[in-house]
Amino acid sequence: MSRIFFIYYCRNLKKYGRTKTFDTDPIIEAYLLHCIHILPAKSFMKIYDSIVQNSRQFEHFNSLKYARFQQLIISANVKKIVNAIPALLSTNNTKVPGYISGGVKFGVFNYIPDSETQRYFKGRFGVEISSPPGNSMVETLAVMGSVGTIAYNKKSDFDYWAVVDKNAATETEYLNFRKKVEAIQKWAMKEAGVEIHIFINDVTNLRNNIFDEDEDEGFGSTIGEVLKDEFFRASIIVAGKIPFWWVVPKFLPDNDYSALYKSVAQTEAGRKVVDIGNLYKISKEDFLGASLFQLIKAIGSPFKSILKIGILEKYLFGDNSSGLLSQKLKMSMLRGQLENSVPDSYLMMFNEVYKYYGEVLEDKELLTVLRQNLYLKIDPQLSKYTALKNSQKLPYKVAVMFKVVKDWGWNITQIRDLDSFESWDYTRIMQFWNHVKKFMLLSYQKISREIPNLNLQSKISDSDFQLLKSKIKANFSMEQGKIENFITFKDTPNEPYLYIEPDQSTIKGGQWRVYKKYRIDGGGEAEVNIKNEGDLLRLLAWCSINQIYEPTFSRVYFESGYYHHNKNHIVELLNEIFEMFNAKKVHLKNEFYLQPARTYRNMIILNFGEAKATEIVTFSHLYMNSWGESFLNTYTNISDIVMIFSKVIKDGLYLDREFDEFCYFNSPEPHKKLYKQIEKVFRETFEYLKNGKDYILQSFVTAFEDDMVLITKTGRDVKVMSLGNFFELLGNLSMVASPYHEIKIYPEENQNLVILDEILAKRNSTGLCMVFEEKPKYTVIYIVDNNGNLFTFIKKKVHDDLPAAMYKFCRNALLNSGSSIDSGSVESKITVYELEFDRFRKFSFKDVTKKIVQFDYLNTTLPGSIDVEVFESKGQYYYIIKKGATAVGPVPMSGLRQSLAKLDPTGNFLFEVTNMSFRGSGGTSTVNNGLTDYFREKYRIEKFLGITV
């Protein structure tokens, strides 16, 4: 086509339906420039006419969707808030939410607020909406999801995409813009009382199918182009540029699409369109990845996402020639099939899924469930509008659903049954829920079979697969003690009135039931059974965790029957469980599902229903784990509380929680002191270990009745030992030694632990403390070294010089370790006490240091004294034993008995290690931990030989 013809054609645009001149329409200009040198005049005019028509059609299409979006917002306050979002993004004023000081780029391209928003903005903030200087930060602002469709309700989220060009802003401007968006989002959610999210998407990332995402939804590796398909079919442009994909006359391969956009970008057309990438076709790998993502979302919100799973399964396994939903929607727009309405994207998705399942499902009953699923999700309550169903003033979703159920052939009985879903009993609801789960599991099984046939390494990460596996396990597995989830279609599951009582039909079996009442025609009431349980505590936990009971909304009518339960305690417990396990306060990160499940919220319930008990009869552990599963287990053996104690402490420390965030105790009156002691043990242990320094070995010692408990922690490594008696505890404490050791004793009323606590309090940071107790058959010797370690030597009374022998070892250890050269100063570094008891078992410590020192001075040799030289080679210890002039070794620990037989043929080994030295292969000392090494090695040798019990 000649340039002369081109100019002539442009001057006569009105002849072809144009009302603007050429230079005011950059889109048309772009296409003309792209096509002018390659197309004949007739082809050019055809493309030009289609571009004109596309622009008009899209504006009409989007305006209809926007009008419906506005019409469906139920709350006037919510409407004002969401309509103020583009205005807030376009203003940076100290009086307005989202104000950022310093350099910030803001504004929405070509945004013009309506008069209502202008009035609200001026009245609320006292300022005019102002346009930002220079280029705007946001090229397109769109809202997507259920808004503007039959699926919208007053609890629906508002998800916005703010499309920006990061390269057009400095790093500071962009970071400040993100802060601005975060502040606006926070303000909007607080004001509106609903979830509002503004996702910031960079145009370059969008072209490469990289999307801003919610941390808790994650799955960044799986979404691919499928999210772009959803965006095109379910989004509404609130302000800004039109996505270029909509104005392309037909569906082009990526290379042709890019070339076409480059032509636009070189002209003024680039100012009014934004390229967020093409959508031509989607690989099965991308579909499969997105299927996994939707399956995970469906687990948490099945009635919202089951249709998305269906459409993705259709894409994967259905007729490939049918095209994408967004493409079908675009074709409807291009063909002018909209008239005065626009297809409802949610209903359009349902029809596609229903058609697909009708072709492939063997169990046709699931199709009925699918229809019921849609109806209950929309909840139009058609039975209330039957007299008005032909009215022109029906609410949008009611009018649409009247047409839908008519096509299904439903009668008024079926409609009324679903409208009264609230009166369904628990059994029927769970039957329906099982059908819904069947849908999801069938999809999962079908997708799983397809996985080996596809190359998914570049599409789906290992962590996404692990996340999927963990969430399916958490939501579908049945385990001992697990509290099952309750399904509801209401905005909230809360019931205003709950009746809890023994089930009279099975009173001997201990059954309990919770039910509600509703009014029936004629003014009477009918009961609806919600749930039966054999255990009252489990029933209460189920009601609160599933939020059937809500403290500020629900009123409980409780009858105990033949059982002894206090109503006030029942209500108190319901309130505490709700507060502890309220889903709004439990934030489970996706990263938790990539690790083994740990207890996340814990409630220890002591002596439930045993108000008169003066000791622990039962205790129950109610907890939610880090995968969102809830469990209740009840125990009658007090030793089992050590197991709970271990789990709670280790998991709380690992997750770095605050004690009151994750652990709570409940117990009946009047014996609160008994229960408070147990709670105090949990709290004291946790607080002590949590606040320790990483390089310090911490040991916490306590007791639950006769069970001794030792917890050790270094860094994040926590070990819990349950020990049968006090002597086992002493032995284990002797083996956990460190150059930096803190030992905390929580004794309560255990005298052995009280004594141990006082012994540790006598620690000398520059020397040694020795305490001995003479028993009829044994001598017990405690050593507290300068590093805070406790070593206990329990020895048979073969002679009366055991304390003197230990003193000699202490003295030699100080000399050999280099702590002191002067013997006089060595003596001052050792304090010796004798532990004594009177006839009332009251104990005291007698300082016998002077007596022991005099004895040591007068007796240079003691019965059975041996010297040990510890020889290290390649990380292995070897021992040379000397008794007088005789020496045996070097031998490893395992060879000690055989070697010592040469020194004592009787095999009694009545030896006493009174001196020890360390050297390496080079002859130098290998002592790294000072005195600690001497006592630990003495303990190990004597324990192995049976010298120490």
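Modeller: Helix 12 is mostly covered, since eight of its 10 residues are buried. Please keep in mind as we go that this is a predicted model.

Biologist: Which residues of helix 12 are buried?

Modeller: The buried ones in helix 12 are L325, S326, Q327, L329, K330, S332, M333 and L334.

Biologist: And what follows helix 12?

Modeller: After helix 12 comes G336, a residue with a positive phi, near 70°.

Biologist: At what angle do helix 12 and helix 13 pack?

Modeller: Helix 12, which covers residues 325-334, packs against helix 13, residues 345-360, at an angle of about 120°, and their axes are 11 Å apart. The crossing of helix 12 past helix 13 is right-handed.

Biologist: Which residues make the contact?

Modeller: On the side of helix 12 they are L325, K328 and L329, while helix 13 contributes M348, M349 and E352.

Biologist: Let's change topic to the nonpolar core. Which residues touch the most other members in the largest one?

Modeller: The largest nonpolar core has 181 residues, and those touching the most other members are F158, Y160, I196 and L622. Its largest share, nine residues, is supplied by helix 17, which spans residues 426-450. Apart from this core lies another, of 43 residues, which includes C810, V826, I866 and Y934.

Biologist: What does F158 touch?

Modeller: Leaving out residues up to four places away in sequence, F158 touches F69, I73, V78, V82, V147, Y152, V194, E195, I196 and H197.

Biologist: Now T914: is T914 buried or exposed?

Modeller: T914 has a relative accessible area of 4%, and anything under 20% counts as buried, so T914 is buried. T914 sits in strand 27, residues 912-919, and, setting aside neighbours within four places in sequence, T914 is in contact with A805, K808, F809, N812, S865, I866 and D867.

Biologist: Last topic, the whole protein: how many helices and strands are there?

Modeller: The secondary structure comes to 30 helices and 27 strands. Of the 949 residues in the protein, 54% are buried, and the accessible surface comes to about 44,400 Å², with 48% of that belonging to carbon and sulfur atoms. Among contacts with a separation of 6 or more, 65% are between residues 24 or more positions apart.

Terms used: Residues numbered from 1 in each chain as written. Predicted model: local features only at pLDDT ≥ 70, side-chain atom pairs only at ≥ 80, totals over all residues. Heavy atoms only, no water. Core = buried A, V, L, I, M, F, W, Y, C linked by side-chain atoms within 4.5 Å. Buried < 20%, exposed > 50% of the residue type's maximum accessible area, 1.4 Å probe, protein only. Helix = DSSP H or I, 4+ residues; strand = E, 2+ residues; numbered from the N terminus. Contact = heavy atoms within 4.5 Å. Areas by Shrake-Rupley, 256 points an atom, 1.4 Å probe, with all protein chains shown as cover. Axes fitted to C-alpha atoms, helices over the stretch in contact; angles between N-to-C directions. Left-handed = near helix turned anticlockwise from the far one by under 90°.
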